[in-house]
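Let's take a walk through a protein structure together. Please have a look at it before reading on.

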Amino acid sequence: MSKRWQNALMLLAVIVLIAYPLLTVRAPEAGPGEEPAEIFSGADGQAEGVIRQLAPDYQPWASPLMEPPSGEIESLLFALQAVLGAGFIGYYVGVKRERARWHGASGAA
Amino acid sequence: MHIMEGFLPAEHALAWGAVSLPFVALGLRAIKKKVRENPELKMLLGVSAAFTFVLSALKLPSVTGSCSHPTGTGLGAVLFGPLAMAPIAAIVLLFQALLLAHGGLTTLGANIFSMGIVGPLVAYGLFRAGRLIRLPQGPTLFFAATLADLATYLTTSVQLALAFPDPVGGFVAALAKFAGIFAVTQIPLAVSEGLLTVLIFNVLVKHSSRELHDLGLPLAREGARP
């Protein structure tokens, strides 16, 4: 199997791993007068719930200096983080490819 | 794996900070040394950091019905050694603590320990061990990165269980609760991280074989060397 196929299969596997829970996990039915349960919330937040249950008297002694004012702004900042990373990787691969091509061209001449 | 701001008692926060600080310092020294010997590696170090930036920004859904994110530290650990990722994880965690209210300054030490120290140590150790007994490079890297991701989340569970033991069952019962959230959710995500790490590594094998050679990584694809 060529490297290209291997890479494509691995990417496909990642997509399936992400899509499968989205397609199969359903929020539990809400009882009458209940808010429907939230699904796909953050594990970090759920850990906070366990802390509150284990140590109900615990008071967090510090709070974040700056909180994103809304979920939208938070996703903006997460996107910024991903863009910085992905942008650099793309730049790196681009530079490498072009450099190899130039070397190849000058070597052939 | 981000323990939230203020959610570790002060003694724990200080202790984890004290444990992590020397690793960050040693990591900076290791990076400086590598880059001084071979300035070409600077870009590759950037790629390792960038990979961590991307992966730790992706909150992915899991079969448990909650979301978490990979860490991306396996790649840099395999390339640059286990210490190099401590300062890089510190930068990512600082970015998230300051701008995103994700994690925190008081919990920075604990979070660096799980993401920047334990994960990379596991990745590096497993990769080296696997290569030593001549396992093929791709699958070895996959398992190293996957288990490093899981190790990071298990470490977070241990840190929280140490700080908040169960009133009845103590440390073990609390660990089961925290690991139930973190580790189980993380399993499919860790597999994704392993696959993505092999993917980016394949890209590097294709485009950066000389740097990989300089880093002492025998190549899977012989003949690809310039």
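The report below goes from the contact between the chains to single residues.

## Where the chains meet

What you see is a predicted model. In it, 47 residues of chain A are in contact with 52 residues of chain B. On the chain A side, four elements each supply at least two residues: α1 (3-24), β1 (41-42), α2 (43-54) and α3 (71-108). The most comes from α3(A), which gives 14 residues to the side of chain A that touches chain B.

What kinds of residues make up this side of chain A? Sorted by class, there are 33 nonpolar, seven polar and seven charged residues.

Now find the strands. An open sheet of three strands is built in the order β1(A)-β2(B)-β1(B), and its pairing is mixed. The edge strands are β1 of chain A and β1 (60-61) of chain B, each of which pairs on one side only. Helix α7 (residues 170-207) of chain B packs on the sheet, where it touches β1 and β2 of chain B. The direction of this helix makes about 45 degrees with that of β2(B).

How is β1(A) joined to chain B? Two bridges link β1(A) to strand β2 (residues 66-68) of chain B, and these two strands run parallel.

## The nonpolar core

In soluble globular proteins, nonpolar side chains tend to be buried together. Here, the largest nonpolar core has 88 residues. The members that touch the most others are B:V78, B:A86, B:A89, B:I112, B:A123, B:A144 and B:F178.

Take B:V78 as an example. If residues up to four places away in sequence are not counted, B:V78 touches B:A123, B:Y124, B:F127, B:L141 and B:A144.

## Two residues with positive phi

A:F40 has a phi near 60 degrees, a positive value. A:F40 belongs to the loop between α1 and β1 of chain A. The phi of B:A101 is near 50 degrees, again a positive value in a residue other than glycine. B:A101 sits in the loop between α4 (85-99) and α5 (108-132) of chain B.

## A closer look at B:L45

Finally, find B:L45 in helix α2 (residues 41-57) of chain B. B:L45 has 18 C-beta neighbours inside 10 Å, so it counts as partly exposed. Which residues does B:L45 contact, leaving aside neighbours within four places in sequence? They are B:I31, B:V35 and B:F80. As for B:T71, it is 26 residues from B:L45 in sequence, and the two are 16 Å apart in space, C-alpha to C-alpha.

Notes:
Residues numbered from 1 in each chain as written. Chains lettered and ligands numbered in written order. Predicted model: local features only at pLDDT ≥ 70, side-chain atom pairs only at ≥ 80, totals over all residues. Contact = placed C-beta atoms within 7 Å. Nonpolar A, V, L, I, M, F, W, Y, C, P; charged D, E, K, R; others polar. Pairing = 2+ DSSP bridges. Core = buried A, V, L, I, M, F, W, Y, C linked by C-beta atoms within 7 Å. Buried ≥ 20, exposed ≤ 12 C-beta atoms within 10 Å, placed from the backbone. Axes fitted to C-alpha atoms, helices over the stretch in contact; angles between N-to-C directions.
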